[in-house]
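Q: I have a structure open and want to learn how to read its features. Can you take me through a few of them?

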Amino acid sequence: MVNVNKLRGAVVEHGFTMESLANSIGMDRATLYRKIVNNGETFTLKEVDGIVKALSLTPDEGMRIFFAQNIA
């Protein structure tokens with residue numbers, strides 16, 4: 001499960017907008033928004049890799065965002 005709140009925070013923290021992030025990974029802005037609204041469940045590994053690289057996330061940051069565990 002993707003932690004979309006952390007993803008949104010990372011986007012802002014690294015000086016991106018959702019539109020600029022979508023452009024940098026070659027994705028339509030509406031598609032990126034749709035994937036985020038669906039809790040990131042439809043992100044492909046290629047898209048995750050592109051986002052991690054575009055935002056210059058560390059491996060640990062990427063893991064915490066894209067492979068978050070839902071601990072109850």
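Q: Are Phe43 and Phe66 buried or exposed?
A: This is a predicted model. In it, Phe43 and Phe66 are both buried.

Q: How many aromatic pairs does a search of the whole structure find?
A: One aromatic pair turns up. The rings are those of Phe43 and Phe66, with centres 6.0 Å apart. Their planes stand at 85°, so the pair is edge-to-face. For that label, the planes must be over 60 degrees apart.

Q: What describes a pair of aromatic rings in general?
A: Two values do: the distance of the centres and the angle of the planes.

Q: Which parts of the chain does the pair of Phe43 and Phe66 link?
A: Distant ones. Phe43 sits in the loop between helix 3 and helix 4, while Phe66 belongs to helix 5. The two are 23 residues apart.

Q: Now the helices. How are two packed helices described?
A: By the angle between their axes and the distance between the axes. Take helix 1 and helix 5: the angle is about 140°, and the axes are 7 Å apart. Angles over 145 would count as roughly antiparallel. Helix 1 and helix 5 are therefore oblique to each other.

Q: Which residues meet where helix 1 packs with helix 5?
A: Helix 1 brings Lys6, Leu7 and Ala10. Helix 5 brings Arg64, Ile65 and Phe66. By class, this contact has four nonpolar residues, two charged ones and no polar ones.

Q: Which residues of helix 1 are buried?
A: Helix 1 spans residues 4-13, and its buried residues are Val4, Leu7, Ala10 and Val11. They cover an arc of only 120° around the axis, so they lie on the same side of helix 1. The other side has exposed residues: Asn5, Val12 and Glu13.

Q: What covers the buried residues of helix 1?
A: The cover includes helix 2 (18-24), helix 3, helix 4 (45-54) and helix 5 (59-66).

Q: One more residue. Why does Lys35 count as buried?
A: Because its relative accessibility is 11%, and buried means under 20%. Lys35 lies in helix 3, residues 29-37.

Q: Which residues is Lys35 in contact with, leaving aside its neighbours within four places in sequence?
A: Met27, Gly40, Glu41, Thr42, Phe43 and Glu47. Phe43 in that list is also a member of the aromatic pair.

Terms used. Residues are numbered from 1 along each chain as its sequence is written. This is a predicted model: local features need pLDDT of at least 70, side-chain atom pairs count only at pLDDT 80 or more; totals for chains, interfaces and linings use all residues. Side-chain values use heavy atoms; hydrogens and water are left out. Helices (H or I, at least four residues) and strands (E, at least two) are DSSP runs, numbered from the N terminus. Buried means under 20% relative accessible area, exposed over 50%, partly exposed in between (1.4 Å probe, protein chains only). Contact means heavy atoms within 4.5 Å. The arc is that of the directions from the helix axis to the C-beta atoms. Rings of Phe, Tyr and Trp (its six-membered ring) pair if their centres lie within 6.5 Å; planes under 30 degrees apart count as stacked, over 60 as edge-to-face and the rest as tilted. Axes are lines fitted to C-alpha atoms, for helices over the stretch in contact, and angles run from 0 to 180 degrees between N-to-C directions. Angles under 35 degrees count as roughly parallel, over 145 as roughly antiparallel, 65 to 115 as roughly perpendicular and the rest as oblique. Ala, Val, Leu, Ile, Met, Phe, Trp, Tyr, Cys and Pro count as nonpolar, Asp, Glu, Lys and Arg as charged, and the others, Gly among them, as polar.
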